[in-house]
Number of protein chains: 2
Amino acid sequence: MKTWESYIRKVDPYVPGEQPKEKNVIKLNTNENPYPPAPGVVKALEAFDTDYLRRYPDPAVSRLTSALAQNYGLKQEQVFVGVGSDDVLAMSFLTFFNSEKPILFPDITYSFYDVWAKLYRIPYETPAVDESFHIRKEDYYKENGGVVIANPNAPTSIYENLDFIRDILDHNRDVIVIVDEAYIDFGGESAISLLPEYENLLVVQTFSKSRSMAGMRIGYAMGNEKLIKALSDVKYSFNSYTMNQTSISLGVEAVKDVDYFNKTRNQIISTREKSKERLKEFGFSFPDSKSNFIFATHEMIDAGELFEALKKEHIFVRHFTGERIKDYLRITIGTEEEMDAFFSFVEGYLKEKGGK
Amino acid sequence: MKTWESYIRKVDPYVPGEQPKEKNVIKLNTNENPYPPAPGVVKALEAFDTDYLRRYPDPAVSRLTSALAQNYGLKQEQVFVGVGSDDVLAMSFLTFFNSEKPILFPDITYSFYDVWAKLYRIPYETPAVDESFHIRKEDYYKENGGVVIANPNAPTSIYENLDFIRDILDHNRDVIVIVDEAYIDFGGESAISLLPEYENLLVVQTFSKSRSMAGMRIGYAMGNEKLIKALSDVKYSFNSYTMNQTSISLGVEAVKDVDYFNKTRNQIISTREKSKERLKEFGFSFPDSKSNFIFATHEMIDAGELFEALKKEHIFVRHFTGERIKDYLRITIGTEEEMDAFFSFVEGYLKEKGGK
């Protein structure tokens, strides 16, 4: 090994979920929205003045923070935006977790939390969720350097109500508590309503799921003005211009169209509830989901084998290999037609395997 | 101060260059390109299928790395792209500078290098440029953990030829040498031609200047496949999807239109050379620029005062307050008309001040 090679950072290369390039696939593997973005987004793209592209974007992203603030009844100074919620969450770890004490998040949760903790050399502990995958709130009562809770949690899909979140906040007055609400718009109640009471609460959301804009990379954090200023200061201090011009323009339109937002998320909720019934009929079990995916297991069949069989039919779902979750598949809720195709295959597969 | 406040990261809040919102300004302050992006970029935006927005982008950004590789005669595996060259450079610092030895870059150079070094806790030293702002290559002969050279340098505008870069590379076989070529397309020769000889060389460029796309945030690094793989591994390990769908599509078109690229950069070079003559006539002195800006000073007038006077007339240039450069203005090369307006004001200003 050459000397310069020894100075290269060692990482565990992460393999992102498959993004198949074929057109005729049923893609239920990355929790994308099956419906296109709001009509206003399409219009904004058509009307976009390309001369703007030669100019640096507004580093404060004022148009978008303003639209979001108005939508949620917050002040503009309470909103921070970034390049996807991954960017916002990573920057929040960097900004808020600078004590010597370990931060806490569940052992089964979004897979990037421990990555960012390692990246920024933040000590951390991962209390185990219980046997039914529920977070045990008592595990978060001890002294710590910060708390991160995904609600609904991923990939379990489990939502905890605001009393649960409030209890964690009441036991953690001295640290920043991040509630990652990537999936909150599919039936859960947002912790945004707790912001006036808890100045140490940061709520993070994304345009990737309920707003059909995974391709634009927009995430945002909401909290009291001190927290948002701290995030902005850190961001400005090392990369001022991150949101590009098209993200800003299209993002504003996505927020403005409340009717379309409600129509599509309600459609997804409806399809999810039907899908739960059908999964049950086929003998699957799963935690009750309030997200745009279902985390399902079947006593008679091997999750990895079903995953591969589906893939051969160009139906993509997600299979994680972690010890506690290797018997489960994470199935994104698609259109009614996509779910019909999924269930049609599963029905035949189960018959063949004698699973039902 | 509350406990959680004590855990917030302390930074020196950075104030980005002004992005005035008025329409009728002459903006020579952020080294943007005065010409719009290539016609193909405009067409690609018009033809963009917004249904793609609901899908995550290709994390490998294959279409864009492939277009860049073809353009520069490299393999696709030799190209890495990110959200602006700030993103690419920050990720390169994180990936390549993990020894205990200090990395080296000039005392007067791009202002984010020391920010990223601090962010990632990389020790660094900043050898002073000489009195005429030239980098002294001998300062880079000593043992170190890595070298970063902006060529042309910012904000001095000074370009060093490839013999100079080669000399630094020859004296630094054991570490990664980053050559930041944000301004190389305005008359300099890129170190890309040295890549076959030096496997520890990383060349970083951007779409923000010569490709008129500051608003899209696209930067890229070129080097041997080992370096590019290391960068990709680090990127994948903590934020897989960063380049959004529109950046990828429009970026590809910007690279493909070589004629437009050459036409606009040659126009800027031509305007710059004329601007040098006029600055000399007015009694300014400046290092010889091979970038899209001129770093100028005048014996008889105060740079800060001229900066403010220009601003009152809605002409924006850049003034840095660092001790060694506070007598200079950094003037971006605009269109011929914009430069005429700039010089017309300066002529009157100098007459009034008796500066000429």
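View 1. Take the contacts in chain A between residues at least 6 apart in sequence: 72% of them join residues at least 24 apart. The model shown is predicted. Its chain A holds eleven helices and twelve strands.

**View 2. Overall dimensions of chain A.** A box of roughly 60 × 55 × 55 Å, taken along the principal axes, is filled by the C-alpha atoms of chain A. The radius of gyration of chain A is 21 Å. A compact globule with 356 residues would have a value near 21 Å, so chain A agrees with that expectation.

**View 3. Burial and surface of chain A.** Of the 356 residues in chain A, 64% count as buried. The accessible surface of the chain comes to about 13,800 Å². Carbon and sulfur atoms account for 48% of that surface.

**View 4. Helices H4 and H7 of chain A crossing.** Helix H4 of chain A spans residues 84-96, and helix H7 of chain A spans residues 225-238. Their axes come within 10 Å. They cross at roughly 100 degrees. That angle lies between 65 and 115 degrees, so H4(A) is roughly perpendicular to H7(A).

**View 5. Residues where H4(A) meets H7(A).** On the H4(A) side stand A:Met91, A:Ser92, A:Leu94, A:Thr95 and A:Phe96. They meet A:Leu227, A:Ala230, A:Leu231, A:Val234, A:Lys235 and A:Phe238 of H7(A). Eight residues of this contact are nonpolar, two are polar and one is charged.

How values were computed: Residues are numbered from 1 along each chain as its sequence is written. Chains are lettered from A and ligands numbered from 1 in the order in which they are written. This is a predicted model: local features need pLDDT of at least 70, side-chain atom pairs count only at pLDDT 80 or more; totals for chains, interfaces and linings use all residues. Side-chain values use heavy atoms; hydrogens and water are left out. Axes are lines fitted to C-alpha atoms, for helices over the stretch in contact, and angles run from 0 to 180 degrees between N-to-C directions. Helices (H or I, at least four residues) and strands (E, at least two) are DSSP runs, numbered from the N terminus. Angles under 35 degrees count as roughly parallel, over 145 as roughly antiparallel, 65 to 115 as roughly perpendicular and the rest as oblique. Contact means heavy atoms within 4.5 Å. Ala, Val, Leu, Ile, Met, Phe, Trp, Tyr, Cys and Pro count as nonpolar, Asp, Glu, Lys and Arg as charged, and the others, Gly among them, as polar. The radius of gyration is taken over C-alpha atoms; the globule rule is 2.2 Å times the number of residues to the power 0.38. Buried means under 20% relative accessible area, exposed over 50%, partly exposed in between (1.4 Å probe, protein chains only). Accessible areas come from the Shrake-Rupley method with a 1.4 Å probe; for residues, only the protein chains shown count as cover.
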